[in-house]
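Subject: Structure handover

Hello,

Here is the structure I promised to pass on.

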Amino acid sequence: MTSSARGRSLDGLDDEAFSYMERSVDELAKLIPAPRLVTRAGQQVFRYLEQTPSQALVQKLARLVSALRATRVLLNCGFVQEVGVLKRVLDETQQDIAFIFSCLRDPTDLDREFLEAFYEEEFDADDALASTQKRKMIPRRRIRDRVARFFSEAPGSPLDRSIVAELERTIDKVKSGYVHGASGHLMEMYGGHLGRFQFHMNGMQGTSLQRVSGEEFWRYVYRAILVFAMVTYRFRGDEGAAKIRAYADWFERYKPGGD
């Protein structure tokens, strides 16, 4: 995004946060059994053979950082529609991380189902067409409900479980229009001036939609930092998490609009 649309200071702030999170992933990855080379469909690939919740958390964190970087790239080019798709990816990745984190102490059948589906290979044969398996998918509603219960039942939490669940559902619904191409969302690409109206398919730089999406993106980065603090608590205890929470407090000072 141009400096007039979002601001060089915010882009620089993002870059610092992304680098901070990348270092955290690298540090956390050293605390779990490393992935090993195995043969899948005739190719050498890396896999976590132990398939633990902690290994799942590290993988999800890596996905979170990568998706944040990809979102910023598209945002800078004005591709607001595609940014909406990636924001749905970010929402679900953060939900998944909270879900996995919530099951660490007392795993249930649902937790075991989730991890089994997460670690399942895409195909069970060398030839994809000969594969017979169907990937098990945990309904997103069940994940949202678990996450809502986890946050509402945390010590000292002022959150109401039903309100959190409804908020998560609403966010999913709003962003799903970008994923599935709902008409109302696609028409955001249409516009112009002086009687020349058309679909803008090469980005929407300089528009109010880009500006609003950029301001919203700040919240995604901020929430990601808080997610890192939560997971770091699992790996390194309160001292390690406190450092990231302090960084989150510093980052919050640069919230767009200053409110």
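One aromatic cluster is formed by Tyr20, Trp218, Tyr222, Tyr247, Trp250, Phe251 and Tyr254. Bear in mind that this is a predicted model. The structure holds 11 aromatic pairs. Take Tyr20 and Tyr247: their ring centres are 4.3 Å apart and their planes sit at 5°, so this pair is stacked. Tyr20 belongs to helix α1 and Tyr247 to helix α8 (residues 208-252), so the pair ties together parts that are 227 residues apart in sequence. Tyr20 is partly exposed, at 21% relative accessibility. Buried means under 20%, so Tyr247, at 9%, counts as buried.

There is also a charge over a ring. Arg223 lies over the face of Tyr220, 4.9 Å from the ring centre.

Now the salt bridges. How many does a search of the whole structure find? The search finds 22 salt bridges.

- Asp15 and Arg72: their side chains meet in a salt bridge, 2.7 Å from N to O. Asp15 lies in helix α1 (residues 8-29) and Arg72 in helix α2 (residues 53-76), so parts 57 residues apart in sequence are tied together. Asp15 is partly exposed at 31% relative accessibility. Arg72 is buried, with a relative accessible area of 12%.

- Arg36 and Glu50: this salt bridge spans 2.6 Å from N to O. Arg36 lies in strand β1 (residues 36-40), and Glu50 lies in the loop between β2 (43-47) and α2, so the pair ties together parts that are 14 residues apart in sequence. Arg36 counts as partly exposed, at 40% relative accessibility. Glu50 is partly exposed too, with a relative accessible area of 35%.

- Arg169 and Glu166: the closest N and O atoms of this salt bridge are 2.7 Å apart. Both residues lie in helix α6 (residues 161-180), three residues apart, so about one helical turn separates them. Arg169 is partly exposed at 34% relative accessibility. Glu166 is partly exposed, with a relative accessible area of 39%.

Some salt bridges share partners. Which residues do they join into one network? Lys60, Arg88, Glu92, Asp96 and Arg140.

Best wishes

Note on methods. Residues are numbered from 1 along each chain as its sequence is written. This is a predicted model: local features need pLDDT of at least 70, side-chain atom pairs count only at pLDDT 80 or more; totals for chains, interfaces and linings use all residues. Side-chain values use heavy atoms; hydrogens and water are left out. A salt bridge is a side-chain nitrogen of Lys or Arg within 4 Å of a carboxyl oxygen of Asp or Glu. Helices (H or I, at least four residues) and strands (E, at least two) are DSSP runs, numbered from the N terminus. Buried means under 20% relative accessible area, exposed over 50%, partly exposed in between (1.4 Å probe, protein chains only). Rings of Phe, Tyr and Trp (its six-membered ring) pair if their centres lie within 6.5 Å; planes under 30 degrees apart count as stacked, over 60 as edge-to-face and the rest as tilted. A charge sits over a ring if NZ of Lys or CZ of Arg is within 6 Å of the ring centre and within 35 degrees of the ring normal.
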